[in-house]
Amino acid sequence: MGKKISSFMTSKNILIVLTVLCCFFIGTSFFTDTLTKPLRKCVSMVVVPVQKGMNNIGLWVYDKYQTLQEISVVLEENKDLQNQVDALTEENNQLKQDSYELSRLRDLYELDSQYTEYSKIGARVIGITTDNWHSSLKIDKGTDDGIQVGMNVIASGGLVGIISETGSNYSIIKTITENNSNVSGMLINTNDTCIVEGDIELMDTGMIRVAHFNSNVIVRNGDKVVTSNISDKYLQGILIGYVKDVKLDSNNLTQSGYIVPAVDFNNLQEVLVITQLKE
C-alpha cells in the first residue's frame, strides 16, 4: 500500500492535481461572477441612491447644525450689544438730565446775581395744589428752613408769587397767575404804575392781564413791568413780565392789555424764596 502511494506521489501526478484544482477554481470563479453580477447590479441600483441620499441628509443636517450654532453665537453677541446700547442710552439720558438740571441751576444762579440785595433760599417744586393754571405751587422748604408767609418767590428771570402757607417742611406759593391775584407793577423805564391781575380765562394763552395805565402813558409791546414801590406785599423791582397789546379802555381814561410772564410756569422746577419781608 505504501509503495502504491509513493508511486502515485510523483512530480507529474502532483502537477496534474494542481492543474486540475486551478482549473476548477477558475471555472468556479467564472460561473460565480456570472451568477452574482446581476445580483450585485440590482443591489447597487438600490443601495447607491440610498447611500447617496443618506450622505446628502447627513450633509444637510450638519449644515443646519452649523447654522444654528452660528445663529446662537450671533444672538448671544446681539444680546451683549443690546445690553451695551441700553447702558449707553441710560448714561446718555442721565447726562441729558444732568445737563438740563445744570442749565436750570445756572439760570437760578444768574437770577440770584440779579437780586444781590436780597438773601434767598433755594427750593424745589414738589406739587400743584389747584387745578388752575399752576396757580398754587408746593415747595420742599418750610418753617424749619426759615420760610415765612409773605415772602416773595422768584425763578427763571422773574416773579413767581408769594408764600401763602407754611408747614415745617413745605410751603405753598400763591402765584401771580392765580385768578384773584393782584400785583402792583410799574414800567421799568418810566415808573408809570399799573395793576397785574391773574385771570383764569387766560390760562391757555400763557398770559396775565395788566390794567390801569393812565391814558397818556406810552406803552409799547415788550416793555418790562416790575413790582412797584407802592406794593404792600411785593419787594420793589422784581421783573413780572413784558407788556403786549395794551389799548385804550372804553372810558378813555385808562389803558389795559396783557403781560407775558418772565417765568415759564409750565416748566418750573426750582425757585428762590427771598427771605426778606416787605415792611
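User: In this predicted model, what distance separates the side chains of S184 and S228 in their polar contact?
Analyst: S184 sits in strand β6, residues 182-187. S228 is among the residues that S184 touches beyond four places in sequence. The side chains of the two serines are joined by a polar contact, and its length is 2.6 Å.

User: Is S184 buried or exposed?
Analyst: The cut-off for burial is under 20% relative accessible area. S184 has 13% relative accessibility, so S184 counts as buried.

User: How many bridges join β10 to β11?
Analyst: Strand β10 covers residues 239-248 and strand β11 covers residues 254-261. V243 stands opposite I259 in β11. The two strands run antiparallel, and the bridges between them number six.

User: Which residues have the most contacts inside the largest nonpolar core?
Analyst: In soluble globular proteins, nonpolar side chains tend to be buried together. Here the largest nonpolar core has 45 residues. F213 is one of the residues with the most contacts inside this core. Leaving aside neighbours within four places in sequence, the contacts of F213 include L187, C194, V219, V243 and V246. The residues asked for are V160, F213 and V271.

User: What is the N to O distance in the salt bridge of R124 and E270?
Analyst: The model has two salt bridges. One of them joins the side chains of R124 and E270. R124 lies in strand β1, residues 120-128, and E270 in strand β12, so the pair ties together parts that are 146 residues apart in sequence. The N to O distance is 2.9 Å.

User: Is E270 buried or exposed?
Analyst: Its salt-bridge partner is R124. At 36% relative accessibility, R124 counts as partly exposed. E270 has 7% relative accessibility, so E270 is buried.

User: Which residue forms a salt bridge with D199?
Analyst: The closest N and O atoms of this pair are 2.4 Å apart. D199 is in the loop between β7 (193-197) and β8 (208-214), and its partner is in strand β8, ten residues away.

User: Which residue of β12 stands opposite I154?
Analyst: Strand β3 (residues 152-155) and strand β12 (residues 270-274) run antiparallel and are joined by two bridges. V153 stands opposite V273 in β12. I154 points the same way from β3 as N152, while V153 and A155 point the other way, and all are buried. Opposite I154 stands L272.

User: Which residue takes a positive phi in the hairpin of β3 and β4?
Analyst: β3 and strand β4 (residues 158-166) pair in the antiparallel sense over four bridges. I154 has L159 as its bridge partner in β4. Two residues lie between the strands of this hairpin, and the one with a positive phi near 40° is S156.

User: How many residues lie between β4 and β5 in their hairpin?
Analyst: β4 and β5 run antiparallel and are joined by five bridges. T166 has S171 as its bridge partner in β5. The number of residues between the two strands is four.

User: How many of the five residues of strand β5 are buried?
Analyst: β5 pairs with strand β2 (residues 136-139) in the antiparallel sense over four bridges. In that pairing, L137 stands opposite I173. Strand β5, residues 171-175, is largely enclosed by the rest of the structure, because its buried residues number four.

Technical notes
Residues numbered from 1 in each chain as written. Predicted model: local features only at pLDDT ≥ 70, side-chain atom pairs only at ≥ 80, totals over all residues. Heavy atoms only, no water. Pairing = 2+ DSSP bridges. Salt bridge = Lys/Arg side-chain N within 4 Å of Asp/Glu carboxyl O. Buried < 20%, exposed > 50% of the residue type's maximum accessible area, 1.4 Å probe, protein only. Core = buried A, V, L, I, M, F, W, Y, C linked by side-chain atoms within 4.5 Å. Contact = heavy atoms within 4.5 Å. Polar contact = N/O pair within 3.5 Å; in protein donor to acceptor, adjacent residues only side chain to side chain.
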